[in-house]
Amino acid sequence: MLDQAEGYTTADGRKIGGVVMEMKNITLKFGGVTAIKDISFDIREGEIRAIIGPNGAGKSSMLNVVSGFYVPQEGEVWYRGAPRPPMKPYEVARQGIARTFQNIALFEGMSVLDNVMTGRLTHMSAGIGAQAIWKGKAEAEETANREVAEKIIDFLEIQSIRKTPVARLPYGLKKRVELARALAAEPQLLLLDEPMAGMNVEEKEDMCRFVLDVNDEFGTTIALIEHDMGVVMDLSDRVVVMDYGKKIGDGTPDEVRANQEVIDAYLGVSHD
Amino acid sequence: MAEKQTAVSGPQSIPALLKRNAVQFADKSAYREKEFGIWQSWTWSEVAKEIEALALGLLNLGVNKGDFIAIIGRNRPYLYWSMVAAQSVGAIPVPVYQDASADEMAYVLEHCGARFVIADDQEQVDKVIEVQDQLHQFEHMIYLDPRGMRKYDHSKLHQFSHVQDQGRAAYDEFINELNARREPIGYDDQCVMLYTSGTTGKPKGVVLSNRNVIESARNSSEFDHLGAGEEILAYLPMAWVGDFIFSIGQAYWTGFCVNCPENAETMMQDLREIGPTYYFAPPRVFETQLTNVMIRMEDAGRLKKKLFDRYMAHARKVGPDLLDGRPVGFADRLKYWIGDKLVYGPLKNTLGFTRVRVGYTAGEAIGPEIFDFYRSLGINLKQLYGQTEATVFITAQPDGEVRSDTVGVPCPDVELKIADNGEVFYRSPGVFVEYYKNPESTAGTKDDEGWVATGDAGFIEEGTGHLRIIDRAKDVGKMADESLFAPKYVENKLKFFPNILEAVVFGNGREECTAFINIDLTAVGNWAERNNIAYASYQELAGHPEVLGAIQDHVEEVNASVAADEMLSGCQIHRFVVLHKELDADDGELTRTRKVRRRIIEEKFSDIIAALYDGSNSISTTTEVTYEDGRKGAISATLDIRSAKTVADARKMAAE
């Protein structure tokens, strides 16, 4: 069923489309360390795709390859039917890919609203002169971008901290602001690096709901890394399991849960 | 007044008032709501069109005359419109508490037999869907925010804006039907049904007529001279009678503007932006705000702190007098004026109270310090006493006669009487029609002559005519000498001291009163730190002689103030003990809302109570406690029992 180019239908009746991004035999090395060994998988239109694995399995490296931050030594990244050449991060952003970070990377001294507005960068084209005097195109552009930012602030229910400097916010809210900034770019593919790490149960529940709502409302394709197995199994449509840089499983949450290699990796079996 | 003349022959229902406002105040703002960071507003003529479109949409969905329509969600213009749209088609709106659990909601929806539900968002829709199998009459649900519900089965679900669109499209088809239902609505037809919160037993549906609502709104608006220029912030639950009267009754009567916050968390910012002229909050809101101010002042620079302390002291001295229009010397006025520029003005602005002309608090006793703080700033904060069954207003404080210990004089057209057991009864045009489907309770609360029992005990002060509420009637007892015993009255006085967290007074049927006292660990701990008093535990601090001495001073101060009240002078505390543990809901001593459970405490600490009355100076006791993880343990302690000075009763002395 998964092999069909036209996609599949999930258990809850959502239509998943064709392949958006495909990893073909990716190998990534840092000097003598091989972080990723010959991994292939795809991400399909409209799905929530999770990458899981124990600590040091290479999940974040994998996400960095997807986002174009790392260039693999071997293998190709195909995006929308064509191989993607090595790119600068901003070029990747212009392609419609946005991400959040495991260790929050916001502008601490700026307000939540300003942080979210930075996510609109790729949608601004007025010149520096027009921006400085805030006339003509710059003004119209900012109004339009502010409207998008406000819709996202409303969507993520962070109206009450709109004008608060990010440095003053608790961790859980910072994570939400980071998601808001990523969404402000109106991405087609959203990459989330451990969106629930360090959160309490309530914050996790909120974040889960937001991730599902983003996928549902905007039809955004989401790839996420997550440690919390409960969260992963509930949220995602398909899961890639990594261990020591290798792919040891790939499929629906139920398939992955039944996979002996995955069970071994999580319960800990000696590696020879 | 023109308003008074129109009252009898004038608009007989809320939809009729809307029709009047749409002409009289056509271009004036009626509703505002902050959305996407911008205040959106609707004029009265726009509101009339929105409501008409929704009413037509409801007809299109098949709403019948006399149907109940449940309305669930936070304060939003659309939901207020829903209430009036429901009334326009001859249905009765039933606002439901948005934080009710699905089961509680099921009870209310089934009890009123709501065929239609109008809900705010997915959270509320989910609750109704969860229990819909138990609801025999439920047919359709309309929701405001479509988020997250795209995949829901839409055979019974309708989006609010679509219902309005369908209504507009079917204008020609239904407008005659709408007029035929809207025009004949009479003064004694049902206006709304509000469920009481049901702290005792199941919630009861209080039916209010147009007469109840319009007369109450008219009387109270005239009492406080409310006009079309007022601004209010609607943030208290829509299912609460107060919100219905303020945001619908008075708003439609006077034509003032109702502002809805962006969401619950932004309420304080929105309050600042709107700057309401007419404001209501329960005591705890004022309390929290004051605490925040004090904490922030503690962190302020030395100069600011000094300015604040100096001018607040002055405000406390002359502020209330200035507000009440009593004579104040020129030098004091000048100093107050400077203080206003430097401290009070900016502070009021931060709190969002710059424009408040009339502010009310009600629901429970407010601490005199808290009350005086706001009044000394020049905020006209007053108290009122009311309940759902009275369409809010029973008594209120007129301008210039405001005190923290009374709830005011009877509102216009309200009659009061005090029963032999001290219970307060009232009769007014606001008296409710009935409890829905509950004739026994209706008969038990309202007698044939229209007198309604409040369940509260109180008395009318001689001279001023102000009503003073002392306690719940069922808690009020008699002491051995037949004098009144009102424990909560004394407990509240004790609790107004920051050092005292909780107090329980005993004395029903006894010769004299005694008390248990819990110290406030934060306040007393802070004091101990500043005075170099070392302690290792709550128990040790509570038993410290200096702490006991301080508490004794508080008790004696309360005794002096209780003695000033002839009727209650018997309630002075003769002996007291500072408990070795905090009363806790986990141990069953308090309810989850932190109300004292007298009977359980009396049983559990019977040995200490016995010692309070047998004259001994100390008592050794062991108490079982439950830890947060559910394990049980025991603490034992030897407690000092102290005697407090009491003030001799003038009447008794004279008699002897």
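**Before you start**

Residues count from 1 along each chain as its sequence is written, chains are lettered from A and ligands numbered from 1 in the order written, and side-chain values use heavy atoms, with hydrogens and water left out. Because the model is predicted, local features need pLDDT of at least 70 and side-chain atom pairs count only at pLDDT 80 or more, while totals for chains, interfaces and linings use all residues.

**Stop 1: chain B as a whole**

Select chain B. It has 23 helices and 28 strands. These are DSSP runs numbered from the N terminus: helices are H or I with at least four residues, strands are E with at least two. The radius of gyration is 27 Å, close to the 26 Å that the globule rule gives for 656 residues, so chain B is as compact as a globular protein of that length. That radius is taken over C-alpha atoms, and the rule is 2.2 Å times the number of residues to the power 0.38. Along its principal axes, the C-alpha trace spans about 85 × 60 × 55 Å. Buried residues make up 56% of the 656 residues. Buried means under 20% relative accessible area, exposed over 50%, and partly exposed in between (1.4 Å probe, protein chains only).

**Stop 2: a bridge between chains**

Now look for salt bridges (a side-chain nitrogen of Lys or Arg within 4 Å of a carboxyl oxygen of Asp or Glu). Over all chains, the structure holds 60. Select Asp213(A) and Arg147(B). Their side chains meet in a salt bridge, 3.2 Å from N to O. Asp213(A) sits in helix H7 (residues 201–218) of chain A, and Arg147(B) in the loop between strands E6 (140–143) and E7 (157–159) of chain B, so the pair joins two chains. Both residues are buried.

**Stop 3: two bridges inside chain B**

Select Arg427(B) and Glu415(B). This salt bridge is 3.1 Å, N to O. Arg427(B) lies in strand E18 (residues 423–427) and Glu415(B) in strand E17 (residues 415–418), so the pair ties together parts 12 residues apart in sequence. Arg427(B) is partly exposed at 26% relative accessibility. Glu415(B) is partly exposed too, at 37%.

Move to Lys645(B) and Glu556(B). Their closest N and O atoms are 3.9 Å apart, in a salt bridge. Lys645(B) is in the loop between strand E28 (632–643) and helix H23 (650–655), and Glu556(B) is in helix H20 (residues 545–563), so this pair ties together parts 89 residues apart in sequence. Lys645(B) is exposed at 60%, whereas Glu556(B) is buried at 19%.

**Stop 4: a network in chain A**

Select Asp42(A), Arg44(A), Glu47(A), Arg49(A), Arg238(A), Lys247(A) and Asp250(A). A network of salt bridges links them.

**Stop 5: charged patches on chain B**

Patch residues have over 30% relative accessible area and no salt bridge; like charges are joined within 9 Å. Select Asp99(B), Asp103(B), Glu104(B), Glu123(B), Asp126(B) and Glu130(B). They gather in a negative surface patch. Which helix gives the most to the negative patch? H6(B) does, with 3 residues. Helix H5 (102–112) and helix H6 (122–131) each supply at least two. Glu104(B) is in helix H5 and is partly exposed at 46%.

Finish with Lys474(B), Lys488(B), Lys595(B) and Arg599(B). They form a positive surface patch. Arg599(B) is in helix H21 (residues 598–604). Is Arg599(B) buried or exposed? At 69% relative accessibility, Arg599(B) is exposed.

Terms used:
Patch = residues over 30% accessible without salt bridge, like charges linked within 9 Å, V, L, I, M, F, W, Y side chains within 5 Å. Areas by Shrake-Rupley, 256 points an atom, 1.4 Å probe, with all protein chains shown as cover. Lys, Arg positive; Asp, Glu negative; His and termini not counted. Charge placed at Lys NZ, Arg CZ, Asp CG, Glu CD.
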